[in-house]
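Here is a short tour for a reader new to this structure. Keep the sequence and the model in view while reading.

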Amino acid sequence: MRRDLKCLAEKEFDLLVIGGGITGAFLAYDAALRGIKTALIEKRDFGMATSSASSKLLHGGVRYLQTLQLNKVRESARERTFFQIIAPQLTTTVPFIIPTYQGDFMKGRTALCTGMWLYRLLCSCLNSQIEDCSKKVPSGHLLGKSTVLSMASILRNISRINGGHTLYEVHMTNSERMTLQVVKSAAARGAVVANYCMVEDFFFEEGRVAGVSCVDTLSGEKFSVRARMTANAAGPFLSALNRRIPEIKLRKETTGFSKGVHLVTRQLEGKYALALSSGRKTEGVVTRGGRHIFIIPWRGRSLIGTTNVPFEGTPDEVCVTEKDIVDFLADINEIVPGIGLERKDVYYAFSGLYPLLSDEIKTDTYQGHGEYQLVDHAAKDGVGGIVSVLGAKYTTARAVAEQAVDMIASRFGCEEKSQTSFTPLVGGKISDFTDFQESARQRYAHLFDQDVIIHLVQTFGSELDEAVAWMREKEGALDRVCEGRGCVAGEVLWAVEKEMACTLEDVVFARTGLGSVGYPGRDVLESVADIMQRTLSWTEEKKKEQLDIVERHYQLIFH
């Protein structure tokens with residue numbers, strides 16, 4: 001996968017996708033699989049805006065029970081199943097404990113058991129689609145009080161707990177990597193993709209959108225991309241882009257954004273994830289009394305999310321503030337008395353936006369809706385050549401993209417059906433993940449420590465043998481770059497030469513995940529920057545600039 005701006009500028013495409021998050025990635029992949037000549041451009045790096053700012057969960061849809069959106073429950077559970085099939089190297093099941101409480105019917109055992117029974121019914125038969133037994137999602141079961149407290153001792157100080165229920169969800173080891181694998185899969189099927197290409201404006205021919213004018217934000221070079229159809233899948237940036245065509249509107253315009261903050265902390269619970277009610281309200285017909293926070297074991301840390309803070313700036317301005325961290329720590333310590341989570345326990349923090357449609361933005365209520373919009377502006381507004389795709393959750397992005405490409409393909413007379421639910425992504429051709437990982441552990445024990453092998457299996461999947469063989473030809477490529485983290489030097493080279501990594505951020509956060517569990521140390525960042533400097537011919541000034549940019553990610557945490 002190489003960044004070829006000349007090809008973007010010189011070819012005319014059937015479909016241009018704006019936005020390289022998970023929705024745009026699946027749009028490009030689905031279209032390319034159907035033989036549609038496709039281009040994909042992203043203003044930053046692939047999957048590093050909204051798509052990276054989640055709890056890394058592929059939700060099975062249980063949250064939609066409280067709003068009685070039973071179709072959304074089934075849709076989410078089905079899409080979770082497809083991720084298990086097409087990208088087994090990047091997914092794992094994690095058991096959640098949902099406590100029950102004495103003296104509160106909606107939080108009690110009867111209500112929870114009823115909800116879990118309905119959930120199992122809605123998810124029935126989905127496991128049968130997964131051939132790899134290690135990837136099937138187990139059923140949860142009811143637990144007594146003593147069992148719950150022995151499984152998760154940090155719950156001991158929460159009053160009125162009288163038991164609980166387990167719920168298995170699917171968790172991603174690296175959501176940024178998942179999005180990248182979808183982009184790589186699109187490119188492998190012929191799509192032309194490029195990061196750091198920012199749309200400046202649309203241009204028209206014969207009264208319809210015929211493409212966009214862009215700027216390469218790395219070089220400043222300007223160019224145009226021509227396409228018969230353009231799909232705006234730019235997430236929080238979508239509305240600002242659409243305003244450049246005054247005639248087009250969404251079916252329902254976003255009324256604002258809410259900011260969700262996640263913290264990466266010392267590990268609070270090593271085996272089980274916890275879903276705990278907060279004091280924050282949530283909209284719904286049948287609720288358990290408050291929005292849940294999740295405490296999830298992740299890469300030797302706890303990943304805790306999320307907040308619900310109204311956001312009034314532009315999407316480019318979203319960031320974690322000191323107030324965000326302090327307020328969230330206070331909430332967590334109130335919800336889980338006695339854990340003593342302190343400011344020094346925070347290793348990393350990140351935030352993202354989700355669009356709101358409510359007429360009234362409430363500061364104390366979660367108003368996420370889970371609805372998405374597919375708008376053909378030719379049919380709605382009389383402006384041909386452009387569609388808008390907005391509002392997909394990470395879990396349902398594939399399904400949303402399938403519906404959007406169905407709509408777009410009909411314009412071209414293309415009758416091919418979507419194949420993305422069963423076609424493995426690049427790296428995903430693994431029939432039995434347990435056997436695959438064990439074989440890799442034995443095969444490469446003479447080259448790497450066991451934790452490194454597991455990391456490489458999760459990173460490369462079925463590309464592993466190719467990647468290791470390539471690294472063995474490079475001097476020093478098999479060496480660790482950081483103790484305690486599985487990344488090796490060869491991953492940096494691979495990221496630059498084969499995965500379109502252009503900046504130090506791309507490598508540290510997106511391609512390797514080296515920096516997303518906490519500060520790896522200045523010496524580690526410098527060693528990675530040295531490798532990139534040699535490969536990309538950076539000047540000393542350029543290398544320092546790249547190091548300073550990455551260091552700023554941690555300045556708030558370690559102020």
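Arg160 sits in the loop between α5 (145–151) and β6 (161–172). Helices here are DSSP runs of H or I with at least four residues, strands are runs of E with at least two, and both are numbered from the N terminus. The phi of Arg160 is near 70°, a positive value in a residue other than glycine. Most residues other than glycine have a negative phi, and most peptide bonds are trans. Arg160 counts as partly exposed because its relative accessibility is 42%. The cut-offs are these: buried is under 20% relative accessible area, exposed is over 50%, and partly exposed is in between, with a 1.4 Å probe and protein chains only.

## About the model

This is a predicted model, in which local features need pLDDT of at least 70, side-chain atom pairs count only at pLDDT 80 or more, and totals for chains, interfaces and linings use all residues. Residues are numbered from 1 along each chain as its sequence is written, and side-chain values use heavy atoms, with hydrogens and water left out.

Look for Met500 in the loop between α14 (489–498) and α15 (504–511).

The next feature is a peptide bond. From Gly305 to Thr306 the bond is cis, with omega near 0°. Thr306 belongs to the loop between β15 (301–305) and β16 (309–311).

## Helix α3 against helix α4

Helix α3 (residues 70–86) packs on helix α4 (residues 109–122) at an angle of about 60°, and their axes are 9 Å apart. Axes are lines fitted to C-alpha atoms, for helices over the stretch in contact, and angles run from 0 to 180 degrees between N-to-C directions. That angle makes α3 oblique to α4. Under 35 degrees is roughly parallel, over 145 roughly antiparallel, 65 to 115 roughly perpendicular, and the rest oblique.

Which residues of α3 and α4 make the contact? From α3 come Leu70, Val73, Arg74 and Arg80; from α4 come Leu118, Tyr119 and Leu122. Contact means heavy atoms within 4.5 Å. By class, the contact of α3 with α4 has five nonpolar, no polar and two charged residues. Ala, Val, Leu, Ile, Met, Phe, Trp, Tyr, Cys and Pro count as nonpolar, Asp, Glu, Lys and Arg as charged, and the others, Gly among them, as polar.

## Helix α2 against helix α10

Helix α2 (residues 22–33) and helix α10 (residues 397–412) cross at roughly 50°, and their axes come within 8 Å. α2 is therefore oblique to α10. Ile22, Thr23, Phe26, Leu27, Asp30 and Ala31 of α2 meet Ala397, Arg398, Ala401, Glu402, Ala404 and Val405 of α10. This contact of α2 with α10 has eight nonpolar, one polar and three charged residues.

## Two buried strand residues

Gly352 is in strand β17 (residues 346–356). Gly352 is buried, with a relative accessible area of 8%. Leaving aside neighbours within four places in sequence, Gly352 is in contact with Ala53, Ser258, Lys259 and Gly260.

Thr100 lies in strand β4 (residues 91–101). Thr100 is buried, with a relative accessible area of 0%. The side chain of Thr100 makes a polar contact with the side chain of Asn162, at 2.7 Å. A polar contact is a pair of N or O atoms within 3.5 Å; within protein, one must be able to donate a hydrogen and the other to accept it, and residues adjacent in sequence count only if both atoms are side-chain atoms.
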